[in-house]
Amino acid sequence: MSFLFGSRSSKTFKPKKNIPEGSHQYELLKHAEATLGSGNLRQAVMLPEGEDLNEWIAVNTVDFFNQINMLYGTITEFCTETSCSVMSAGPRYEYHWADGTNIKKPIKCSAPKYIDYLMTWVQDQLDDETLFPSKIGVPFPKNFMSVAKTILKRLFRVYAHIYHQHFDSVMQLQEEAHLNTSFKHFIFFVQEFNLIDRRELAPLQDLIEKLGSKDR
């Protein structure tokens, strides 16, 4: 039984986060898409000349949320309470959920539950105009960079879970090229701006080295 991605490509796990058309952030997103099209990912992640670093990070964070949303959306039927009773990235890494507000003490939960918590939490941050202002001239808050780093650190865990626990399903869906390109873009981006601690990347370190070495 094989699934083709084509018929399922519109399936996302959470509602897509849209950047308002006509806004400066929309222009930045279009710039990002155009440079990605050139195939040079190292170049595509660099801050465009004269642009604001916070805004560039904000636009790309929204884009990665949407990409991961779609990638996870294609494999939700394989990621169940039974198949993934803990949120893990291989036998050595297990994640417990806490958001610091509603759930202060980390709780052990299944992967689908954890990813639901995680993506809902990210969505709430992205929808918060005080954190991610969509209007021109509205400044980013002083803590923006630390919020963005936490979001990206958590989004990485969804990639790690998909690679470690669901890569067979991804291959069955003929989705591996899409996943690899998305993850490579994500890794080059966080490396360019030093956004995720190396220790956090450990579950996929071999893959990260492999993707990086192909590009030198």
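This is a predicted model: local features need pLDDT of at least 70, side-chain atom pairs count only at pLDDT 80 or more; totals for chains, interfaces and linings use all residues.
Trainee: What radius of gyration would a compact globule with 216 residues have, and what does the protein chain have?
Mentor: A compact globule with 216 residues would have a radius of gyration near 17 Å. The protein chain has 17 Å, which agrees. Along the principal axes, its C-alpha atoms fill a box of roughly 50 × 40 × 35 Å.

Trainee: What percentage of the residues is buried?
Mentor: Buried residues make up 48% of the 216 in the protein chain. As for contacts with a separation of 6 or more, 74% of them are between residues 24 or more positions apart.

Trainee: Changing topic to charges: how many side chains are positive and how many negative?
Mentor: The protein chain has 24 positive and 26 negative side chains. The centres of these two sets lie 6 Å apart.

Trainee: Now helix 3. Why is it described as largely enclosed?
Mentor: Helix 3 is largely enclosed by the rest of the structure because 20 of its 23 residues are buried. Its length also fits expectation: at 1.5 Å a residue, helix 3 should span 33 Å, and its end C-alpha atoms are 33 Å apart.

Trainee: Which residues does Cys 79 touch?
Mentor: Not counting residues up to four places away in sequence, Cys 79 touches Tyr 72, Cys 84, Ala 111, Pro 112, His 161 and His 166. Two of these, Ala 111 and Pro 112, are buried residues of helix 4.

Trainee: How far apart are the C-alpha atoms of Cys 79 and Pro 139?
Mentor: They are separated by 39 Å, and the two residues are 60 residues apart along the chain.

Trainee: You brought up helix 4. What covers its buried residues?
Mentor: The cover includes helix 3 (53–75), strand 1 (87–88), strand 2 (94–95) and helix 5 (144–172). Among the buried residues of helix 4 are Tyr 114, Trp 121 and Gln 123.

Trainee: Why does Gln 123 count as buried?
Mentor: Gln 123 counts as buried because its relative accessibility is 16%. Leaving aside its neighbours within four places in sequence, Gln 123 is in contact with Lys 14, Pro 15 and Phe 65.

Trainee: What span should helix 6 have?
Mentor: At 1.5 Å a residue, the 17 residues of helix 6 (residues 176–192) should span 24 Å. The end C-alpha atoms of helix 6 are 24 Å apart, which agrees. Its buried residues include Leu 179, Ser 182, Lys 184, His 185 and Val 190.

Trainee: Which residues does Ser 182 touch, sequence neighbours aside?
Mentor: Not counting residues up to four places away in sequence, Ser 182 touches Phe 64, Gln 67, Leu 71 and Tyr 159. Ser 182 has 5% relative accessibility, so it counts as buried.

Key
Residues are numbered from 1 along each chain as its sequence is written. Side-chain values use heavy atoms; hydrogens and water are left out. Helices (H or I, at least four residues) and strands (E, at least two) are DSSP runs, numbered from the N terminus. The expected span of a helix is 1.5 Å times one less than its number of residues. Buried means under 20% relative accessible area, exposed over 50%, partly exposed in between (1.4 Å probe, protein chains only). The radius of gyration is taken over C-alpha atoms; the globule rule is 2.2 Å times the number of residues to the power 0.38. Contact means heavy atoms within 4.5 Å. Lys and Arg count as positive and Asp and Glu as negative; His and the chain ends are not counted. The place of a charge is taken as NZ of Lys, CZ of Arg, CG of Asp or CD of Glu.
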